[in-house]
Amino acid sequence: MGATTVTPSVELDELGKFFTIAAHRIEAGQARPEMFSAAVDAAWHRLVSDPAAHDAFALRHAGRKLTHVKDAGTGFVSWVSAYEEAYGPLPEVWFADAHGTVDAEALARYRETGEVWAEWNCSPEPGDGDGDDLTPPVTTL
């Protein structure tokens, strides 16, 4: 399989779905979902650079503010089945690096097994949490 690339709009669409899954998991008291896609995470980082847009995006997709927190790990990605129930199989963007190049082997393993085993370095947290929110703090003059 050759390398393919994905567009930023696909990344933001998937980030919105991820936020929706995150909100459901947070409300249910489940573990924060693992952000294992460098491509989707890169879109999240770009969005965080505009705090108002980030908050509006989170409110639209999660119904609440979410922050970006460091949460490194490796292993089974726990939220994939919830995604599949809501939206169908994960698209290629979830297996792409920050430049949009898809890891064809990881995608093929997922398609073969229905499971994702990966590394991640961040997760969402409710906006009122004490995480390492990437949103720049509001300063008063």
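**Salt bridges, helix packing and contacts in a predicted model**

At 14% relative accessibility, Glu125 counts as buried. Buried here means under 20% relative accessible area, exposed means over 50%, and partly exposed is what falls in between, using a 1.4 Å probe and protein chains only. The model is a predicted one, in which local features need pLDDT of at least 70 and side-chain atom pairs count only at pLDDT 80 or more, while totals for chains, interfaces and linings use all residues. Residues are numbered from 1 along each chain as its sequence is written, and side-chain values use heavy atoms, with hydrogens and water left out.

The protein chain has an average pLDDT of 87, and 84% of its residues score at least 70. The pLDDT falls below 50 over residues 129-141, though in the model this stretch still has 16 contacts beyond near neighbours in sequence. For orientation, pLDDT is the predictor's confidence in each residue, from 0 to 100, and a contact means heavy atoms within 4.5 Å.

As for the overall layout, the protein chain has five helices and two strands, arranged along the sequence as α-α-α-β-α-α-β. Both kinds of element are DSSP runs numbered from the N terminus: helices are H or I with at least four residues, and strands are E with at least two. Of the 141 residues in the chain, 42% count as buried. Among contacts between residues at least 6 apart in sequence, 79% join residues that are at least 24 apart.

Back to Glu125, and to its partner. The side chain of Arg32 meets that of Glu125 in a salt bridge, at 2.7 Å from N to O. Arg32 sits in the loop between α1 and α2 and Glu125 in strand β2 (residues 117-126), so this pair ties together parts 93 residues apart in sequence. A salt bridge is taken as a side-chain nitrogen of Lys or Arg within 4 Å of a carboxyl oxygen of Asp or Glu, and by this rule the count comes to six. While Glu125 is buried, Arg32 is partly exposed, with a relative accessible area of 27%. Asp71 joins in as well: Arg32, Asp71 and Glu125 are linked in a network of salt bridges.

Another of these pairs is found within helix α1 (residues 8-27), where Lys17 and Glu14 are three residues apart, or about one helical turn. Their side chains meet in a salt bridge at 3.1 Å, N to O. Glu14 is buried, at 4% relative accessible area, whereas Lys17 is partly exposed, at 24%.

Asp55 and Lys65 also pair up through their side chains, with 3.7 Å from N to O.

Next comes the packing of two helices. The axes of α2 (residues 38-48) and α3 (residues 51-62) come within 7 Å and cross at roughly 125°. Such axes are lines fitted to C-alpha atoms, for helices over the stretch in contact, with angles running from 0 to 180 degrees between N-to-C directions. Angles under 35 degrees count as roughly parallel, over 145 as roughly antiparallel, 65 to 115 as roughly perpendicular and the rest as oblique. The two helices, α2 and α3, are therefore oblique to each other. On the α2 side, Trp44, Leu47 and Val48 make the contact, and on the α3 side Pro51, Ala53, His54 and Phe57 do.

Thr20, in helix α1, is buried at 18% relative accessibility. Setting aside neighbours within four places in sequence, Thr20 is in contact with His61 and Tyr87. Ala43 belongs to helix α2 and is buried, with a relative accessible area of 3%. Not counting residues up to four places away in sequence, Ala43 touches Glu11, Leu12 and Leu15. Ala43 and Ala98, 55 residues apart in sequence, are 8.5 Å apart in space, C-alpha to C-alpha.

Asn121, finally, lies in strand β2 and is partly exposed, at 47% relative accessible area. Leaving out residues up to four places away in sequence, Asn121 touches Met35, Asp41, Val69, Lys70, Asp71 and Ala72. Its C-alpha atom is separated by 8.7 Å from that of Thr74, which is 47 residues away along the chain.
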